Amino acid sequence: MIKTAAGHGAQIALEALQFAYPGGRPMAFDATIAASDIVAVMGPSGSGKSTLLSLIAGFERPASGRILIDGEDVSALTPHRRPVSMVFQENNLFAHLTVAQNVGLGRSPSLKLTEEDRAAVSDALARTGLAGKEDRLPQALSGGERQRVALARVLIRKRPVLLMDEPFASLGPALRDEMLALIAALHAEQKMTVLMATHDPRDAERLCKTMIFVEDGRISATGTTGAFVSGTASEAFNRYIGARREIN
Ligand SMILES: Nc1ncnc2c1ncn2[C@@H]1O[C@H](COP(=O)(O)OP(=O)(O)OP(=O)(O)O)[C@@H](O)[C@H]1O
């Protein structure tokens with residue numbers, strides 16, 4: 001495990017990453033993401049946002065190129081050895097484990113928890129508004145509560161990088177706001193580097209300082225979220241947002 005001091009983010013460098021799914025078109029990513037930045041990853045459906053996050057997390061391996069996290073090459077490491085937590089749109093939890101056990105996995109994959117670990121689990125559950133629900137199974141929670149359990153686990157893992165793939169896509173507007181506030185609070189405390197794939201520019205505006213725009217398997221623009229939203233960063237982004245407005 002690569003250790004970065006707890007409570008700090010890590011710079012992420014993607015150096016000439018090349019990747020293709022079997023029979024798929026080639027993708028190529030180059031980027032440097034500053035430590036502790038919160039970055040929105042936007043782009044049309046199928047452009048490669050999830051693939052980009054999967055490469056950083058280690059679920060997919062590049063054909064060539066390197067991924068450096070805080071200067072260390074993690075390209076050959078399995079996902080659980082990378083200093084990264086990941087939250088998906090759903091299915092973040094083990095259905096047969098209780099809320100407390102799902103969070104405890106953030107400390108010990110075999111759930112051999114010390115007293116200190118158990119205290120950390122309780123604390124994380126309290127801070128994500130889940131106190132009293134420790135013994136429930138995920139099926140007895142709402143979609144928003146399940147995402148909060150996933151965030152409680154992120155909280156106790158204290159990894160310097162947090163990747164989120166459309167984490168609020170199945171939640172209504174009020175819950176989205178609540179989750180955004182929770183992630184902002186988590187970030188204020190742990191200062192981890194955050195990449196969040198989203199189709200919603202309002203989520204990006206509320207949470208993210210920086211934006212990466214992915215198009216056709218590559219990063220076609222980066223800049224401040226403000227510049228993107230005001231329409232000055234990328235014509236392709238403007239077209240994408242315009243097209244989405246027509247759909248919605
Ligand atoms: N496991 C896979 N095997 C083969 N092709 C895949 C696989 N996963 C994704 N793809 C293809 O790779 C391309 C990029 O997909 P990806 O999921 O990264 O896009 P995305 O930008 O996250 O899309 P969305 O916004 O719809 O989630 C798409 O053409 C997709 O069909």
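Which residues of the largest nonpolar core touch the most other members? They are Val39, Val41, Ile56, Leu163, Met196 and Met211. The legends below take up this core and other parts of the structure. The structure is a predicted model, in which local features need pLDDT of at least 70, side-chain atom pairs count only at pLDDT 80 or more, and totals for chains, interfaces and linings use all residues. Residues are numbered from 1 along each chain as its sequence is written.

**View 1. The largest nonpolar core has 62 residues.** A nonpolar core is a set of buried Ala, Val, Leu, Ile, Met, Phe, Trp, Tyr and Cys residues joined through C-beta atoms within 7 Å. A residue is buried if 20 or more other C-beta atoms lie within 10 Å of its own, exposed if 12 or fewer, and partly exposed in between, with C-beta atoms placed from the backbone. Helix 4 (residues 143-157) gives six residues to this core, the most of any contributor. The core lies between domain 1 (1-83 + 160-248) and domain 2 (93-158), because both give residues to it.

**View 2. Leu163 and its contacts.** Leaving aside neighbours within four places in sequence, Leu163 is in contact (C-beta atoms, placed from the backbone, within 7 Å) with Leu53, Ile56, Ala57, Val84, Met86 and Leu195.

**View 3. The protein is divided into domain 1 and domain 2.** The domain bounds come from an automatic or database domain assignment. The C-alpha centres of the two domains lie 25 Å apart. Their contact takes 11 residues from domain 1 and nine residues from domain 2. On the side of domain 1 that touches domain 2, helix 5 (residues 173-190) gives the most, with six residues. Helices (H or I, at least four residues) and strands (E, at least two) are DSSP runs, numbered from the N terminus.

**View 4. The residues around the ligand.** They are Tyr21, Gly24, Gly43, Ser45, Gly46, Ser47, Gly48, Lys49, Ser50 and Thr51, counted if the C-beta atom, placed from the backbone, lies within 6 Å of the molecule.

**View 5. Ala95 is in the loop between strand 6 (84-87) and helix 2 (99-104).** Ala95 counts as exposed because it has 9 C-beta neighbours inside 10 Å. Leaving aside neighbours within four places in sequence, Ala95 is in contact with Leu137, Pro138 and Gln139. Ala95 and Gly172 are 77 residues apart in sequence, and their C-alpha atoms are 23 Å apart in space.

Definitions and conventions:
Two residues are in contact if their C-beta atoms, placed from the backbone, lie within 7 Å.
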